[in-house]
Amino acid sequence: MAEVALLDVSKSFGAVDAVRGLSLSVAHGEFVVLLGPTGAGKTTTLRLIAGLERPDQGDVVIQGRVVTKEIPAERDVAFVFQQYSLYPHLTVYDNLAFPLRSPARRTDEKTIRRRVQQISELLHIESKLGNRATALSGGEMQRVAIGRALVREPAVYLMDEPLSSLDAKLRAELRLELKRIQRELGTTILYVTHDQIEAMTMADRIGVMSEGALIQLGTPREIYERPNSAYVAGRLGTPVINLIPAELLGNTLPPRVRTVGLRTEHIRISPADGPGPRAQVHWVEHLGDQNHVHLKLSTHSLVTLADPGQPLRAGDQVSLEFESPLYFDQAGNRLGTDELRGHA
Amino acid sequence: MAEIKLETVAKTFGTFTAVKGVDFTVDHGSFFVILGPSGCGKTTTLRMMAGLELPTSGRILLDGEDVTALPASARDIAFVFQLFALYPHMNVRQNIAFPLRCQNYPRAEIRRSVEETARLLRIDHLLDRRVGGLSGGDRQRVALGRAIVRRPKAFLMDEPLGALDSEFRRLMCGELRELHDRIDATTVYITHDQLEAMAMADRITIMNQGRVEQIGTPQEIYDRPASMFVADFIGSPPMSFLSVQATLQRGDRSIKVDGARVEMPQLFEDRAEGSFALGVRPENVSFADASSLRGRVIGAEYLGTTQIVTVTTANGQIKARLPSGNTVRVGETVGLALRPDKLSLFDAISGLALPSALYAGDRDG
């Protein structure tokens, strides 16, 4: 059963359509990540579910109940914000217990103790329970902030870039932990980010958003391997997918193809006398674990990963071979194998 | 263009020593990145180079001239801060012209410089637009334009891209580096983001607790980290370490890890029995059924082209970067093969790398 569903929800602020006709459902125990650039409508979507905004149109359903008109406290959700705000005068224990002591919930102290203990173990902060919140490192503080949402057992957790204020190393650690915790507890999470790595590594399903609309929803592998459009293809993958005008690649392409999408795994670099289109190595960028080769294919630039066993130098002439690249039509929609076959 | 040289520069605030005697030279026209976690002293170092802080000891030379005690205004250096502020009531042209107008440049020269700068940044079509209506990227370009319009001897940049979202940051990294190549200005750039550093720098200095840990090209630092701190700070995910107890002899080409013999670059030093850490980068780990170095898969992170697989062994956790096509099951036990010529060995107590054939290898990677 869907824990949370949005049914054709729209929300505008003045002349800006923040969310446009969005329908989405998140299943019980599912981790869904909304991915998109700043301004795509991700945060507004979370706020609509939490009840912090009212939709202009459409309904919000939580555990089968239409909650569109309910205030936030009546909805069974917990929100984790980008900037963690802990009570600085309280201990970690009291910070974690706080949501359970709210008069609206009235949990007895014994249950609170059990719950706080359980969550702190899960988050590996059990040794810090007696510390003041201000005596923690940034990563520990954010763990407490997440813990404060987890002590409750709402229908859904709404998380708005909870890791973005942390440094890269900590972010990578908490990413793994959050996923582990979600799996262990079987919680339902709707998570918002502009970081494709977070989306790919944590999500059961990713929803790619742009300008208030949901462009594609699917597993990370589906989104990566079978993007429905050039826009979605450009959201995932490092280096970013190369979108090459079809006319540069000769006339052997299927009809209707206007743009060819080439990721690293679609490109093989061969010696210049190979049959494929000719290109020139512009420069090789050493990024440590990956070396990016920047190529010039007539007027177009291409970036791909260098095979460490293949020494390439700036100025080298090469030929390119492509293996099952992605094809897009005039409108930027991807042409699936059926469409390509039908028109071949 | 300028060469900037720091000679045992230190800075103390009260009882706290922020910078503990730093030495390095930024070459003419190079892109030099100071990388480190927050609190490592990188911003203080940059502020001393700019003349915004006075060193407690040491000297700073700009093109051979001692500028240690000169104020910022006498150094001909432009400082670009993290949060760029544009004057909202002025248009793009006026914003870029501002530093020149402050110094009473002739009107014709201002006009010429502003237009040239705008062309360089490809915002010449926006010169008469208000800054309020510009996209984030164009605003950033205007801010850069304001910094470069006076053509100072050097640019000092304090995390100028820190506030941007990741996708846009990547784009601006490319633009900054390209701009640098076009105007050839000495640039010192500080960041805590290793990807920015790797993508842009000619040379990187890694700082930790007020000291320089290592200086080198991105590739040197990545392939031959001088310490466990550097190995762990660079790379995403960073280097994995296996802890080993061993007695080492000069000429050793392998080390025993929990009964398994692991080949490594030839060692150049004798060491008494002690604790060591064998360091391996994720792309140099593969699965090999026959290997006696075994571990259990505890997680796999899908990244599109590749996946990061985490394996626990008796000696520590190892991360492997494998093609996403490989099927990996969580919970299964696997054999691990480590690429012999790419392994580093560290003294687990001091954290420093032991000299070996890898570290003696050719220096330009």
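A residue is buried if 20 or more other C-beta atoms lie within 10 Å of its own, exposed if 12 or fewer, and partly exposed in between, with C-beta atoms placed from the backbone. This is a predicted model, in which local features need pLDDT of at least 70 and side-chain atom pairs count only at pLDDT 80 or more, while totals for chains, interfaces and linings use all residues. Residues are numbered from 1 along each chain as its sequence is written, and chains are lettered from A and ligands numbered from 1 in the order in which they are written.

**View 1. Helix 1 of chain B is largely enclosed by the rest of the structure.** Helices (H or I, at least four residues) and strands (E, at least two) are DSSP runs, numbered from the N terminus. Helix 1 of chain B spans residues 42-50, and eight of its nine residues are buried. The buried residues are K42(B), T43(B), T44(B), T45(B), L46(B), R47(B), M48(B) and M49(B). Just after the helix, G51(B) has a positive phi of about 90°.

**View 2. Helix 2 packs on helix 3 in chain B.** Helix 2 covers residues 92-102. The axes of the two helices lie 10 Å apart, at an angle of about 130°. Axes are lines fitted to C-alpha atoms, for helices over the stretch in contact, and angles run from 0 to 180 degrees between N-to-C directions. Helix 2 and helix 3 of chain B are therefore oblique (under 35 degrees is roughly parallel, over 145 roughly antiparallel, 65 to 115 roughly perpendicular, the rest oblique). Their crossing is right-handed (the near helix is turned clockwise from the far one by less than a right angle; anticlockwise is left-handed). Helix 2 of chain B contributes R93(B), I96(B), A97(B), L100(B) and R101(B), and helix 3 of chain B contributes I110(B), S113(B), V114(B), T117(B) and A118(B). Contact requires C-beta atoms, placed from the backbone, within 7 Å.

**View 3. R112(B) sits in helix 3 of chain B.** Helix 3 runs over residues 107-120. R112(B) counts as exposed because it has 12 C-beta neighbours inside 10 Å. R112(B) and I34(B) are 78 residues apart in sequence, and their C-alpha atoms are 34 Å apart in space.

**View 4. Helix 2 meets helix 4 in chain A.** The axes of helix 2 (residues 92-101) and helix 4 (residues 138-150) of chain A come within 7 Å and cross at roughly 30°. Helix 2 of chain A is therefore roughly parallel to helix 4 of chain A. The crossing is right-handed. V92(A), N95(A), L96(A), F98(A) and P99(A) of helix 2 meet V144(A), G147(A) and R148(A) of helix 4.

**View 5. Five strands of chain B form an open sheet.** The strand order is 15-19-16-17-18, with antiparallel pairing. Strand 15 (285-287) and strand 18 (316-323) of chain B stand at the edges with a single partner strand each, so one side of each has no neighbour in the sheet. Neighbouring strands are turned by 45° against each other on average, direction ignored. Strand 16 (residues 294-302) and strand 19 (residues 333-338) of chain B pair over three bridges in the antiparallel sense. Pairing requires at least two DSSP bridges between two strands. G295(B) has V334(B) of strand 19 of chain B as its bridge partner.

**View 6. Chain A touches chain B.** The contact takes 24 residues from chain A and 25 residues from chain B. On the chain A side, the elements giving two or more residues are helix 5 (168-185), helix 6 (196-202), helix 7 (220-225) and strand 14 (278-286).

Definitions and conventions: Contact = placed C-beta atoms within 7 Å.
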